[in-house]
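Please read the following numbered points alongside the displayed model. They take up selected features of each chain in turn.

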Amino acid sequence: MNAPALQVVDVVKRYGSGPTEVRALTGVSLTVGPGELVAVMGPSGCGKSTLLHLAGGLEPPSAGHVLVHGVDLDGLSPAEMARLRRNHVGYVFQRLNLVPSLTALENVMLPLELDGMRRKEARAEAEAALAGAGLAGPWDRYPDDFSGGQQQRIAIARATVGERSLVLADEPTGSLDTVNAELVVELLTELCVRRGTAVVLVTHEPRFASFADRVVFLRDGRVVDQTRATDRAVDDTAVAVRR
Amino acid sequence: MTIRPGLLALLASGPSHGYQLKTGFEAATGGMWKLNVGQVYTTLDRLGRDGCVVVDVHDDQKRYAITAAGREELESWWQALPGDDSPPRDELVMKVLLAIAAAPQAALDVVTGQRTALTEVLQRRRRALRAEARGGADLVARLAADAAVVRAEGDLRWLDLCEARLLELHRTTEPNSHPVTNQEAHR
């Protein structure tokens, strides 16, 4: 059986030490299967974004383990970590982080070229990702030439281009109106169904969380509840973690 | 609301038989409100008694047509604001307020449980809506489903506010402790 796309196992994240220590996460576990969309909700400061940073290897946990496709991030060298992130993990943020001086196509090609892919192949992959994200061409325009919803589609194409099969989305709808925001979440849902991409969606909007197969609620850095998983979802308690 | 203004609204576009009004009402409200045909005829009788509709026989069936008085009543209904003279007394609000009165700490459990259950309802509605959209759902069905989603969102937002205010209260009264809820204690 394939390993889950993401396993977060009993992680703790502390910032500072002694009297100034802040616990952002305490004993959080989360498993996301291939093709599963999991939404993470909770009040401001509950640890949603920290959880996403740990899941993507942007920060190490203070305790516990994070596994991406069965690989424990704890044992990776910086070069291995960078390679795993480039090959398997895509990020979508509220702030799009598109490079303004590159065209839409070049923005999506960028992670592939950084990984050493030849330009012609990278171009073909990027065009497929942009088409898959439902963005009509021409793609040789700059990010500012597109609407907010279209820019988010470029960001999603960049996050999913190539073989990336885990997308971490932090409030990707934050800057969009309701109709465009719904289209973006609809697109993420389609990616799960069509390509088997696993998506973790941090949101404070119940409307968008309702697209998820499972919704996990955080409060004060702990998981306080979650909705029942659908058939496609993986039950956290059933996953044995090999250490 | 009662079905009375709904029947007048349908009759405003032309005369109709009782059963046509039943099916027309259900279609116009996106299947949200199923009518008993007896209820339709009782309401039509009352509208006739009040001079809002007249009856003739067409193809051996009673056919109803709106009158000027009926159009006047309908126009008043379009203009009237939804009733807001009584405070909201739905079960969710009462449940949370009574839980807070009983034990503020345990009220967080009630908020959490209600929110999870309501989110599951929202997820089910979303799946149904997506399935209908794939089948080419019409505008009325989509808007009816949207209305259900938006109302559930309203309840969820209120529960979020309940949680935030309860946590604020907890931090004010016990600044150095984590509010362990009954659910967490049982994990």
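1. In this predicted model, strands β9(A) and β10(A) form a hairpin, with 2 residues between them. One residue of the turn deserves attention: A:Asp220 has a positive phi of about 50 degrees.

2. One pairing can be followed at the level of residues: A:Phe217 has A:Asp225 in β10(A) as its bridge partner.

3. Is strand β10(A) mostly covered or mostly open? The strand, which spans residues 222-226 of chain A, is mostly covered, since 5 of its 5 residues are buried.

4. Helix α3(A), residues 104-114, packs with helix α5(A), residues 148-160, at an angle of about 25 degrees, and their axes are 8 Å apart. Because angles under 35 degrees count as roughly parallel, α3(A) is described as roughly parallel to α5(A). The crossing of these two helices is right-handed.

5. Which residues make this helix contact? On the side of α3(A) they are A:Ala104, A:Asn107, A:Val108 and A:Pro111. Helix α5(A) contributes A:Ile154, A:Ala157 and A:Arg158. Sorted by class, the contact of α3(A) with α5(A) comprises 5 nonpolar residues, 1 polar residue and 1 charged residue.

6. Read from the N terminus, the order of elements in chain B is α-β-α-α-β-β-α-α-α-α-α.

7. Two figures describe chain B as a whole. Of its 187 residues, 21% are buried. Among the contacts in chain B between residues at least 6 apart in sequence, 54% join residues at least 24 apart.

8. The final matter is how the chains meet. Here 18 residues of chain B are in contact with 14 residues of chain A. On the side of chain B that touches chain A, the elements giving two or more residues are α6(B) (104-134), α7(B) (139-173) and α8(B) (182-185). Which of the elements gives the most to this side? Helix α6(B) does, with 8 residues.

9. The composition of that side of chain B may also be recorded. By class, the side touching chain A has 4 nonpolar, 7 polar and 7 charged residues.

Note on methods: Residues numbered from 1 in each chain as written. Chains lettered and ligands numbered in written order. Predicted model: local features only at pLDDT ≥ 70, side-chain atom pairs only at ≥ 80, totals over all residues. Helix = DSSP H or I, 4+ residues; strand = E, 2+ residues; numbered from the N terminus. Buried ≥ 20, exposed ≤ 12 C-beta atoms within 10 Å, placed from the backbone. Contact = placed C-beta atoms within 7 Å. Pairing = 2+ DSSP bridges. Axes fitted to C-alpha atoms, helices over the stretch in contact; angles between N-to-C directions. Parallel < 35°, antiparallel > 145°, perpendicular 65-115°, else oblique. Left-handed = near helix turned anticlockwise from the far one by under 90°. Nonpolar A, V, L, I, M, F, W, Y, C, P; charged D, E, K, R; others polar.
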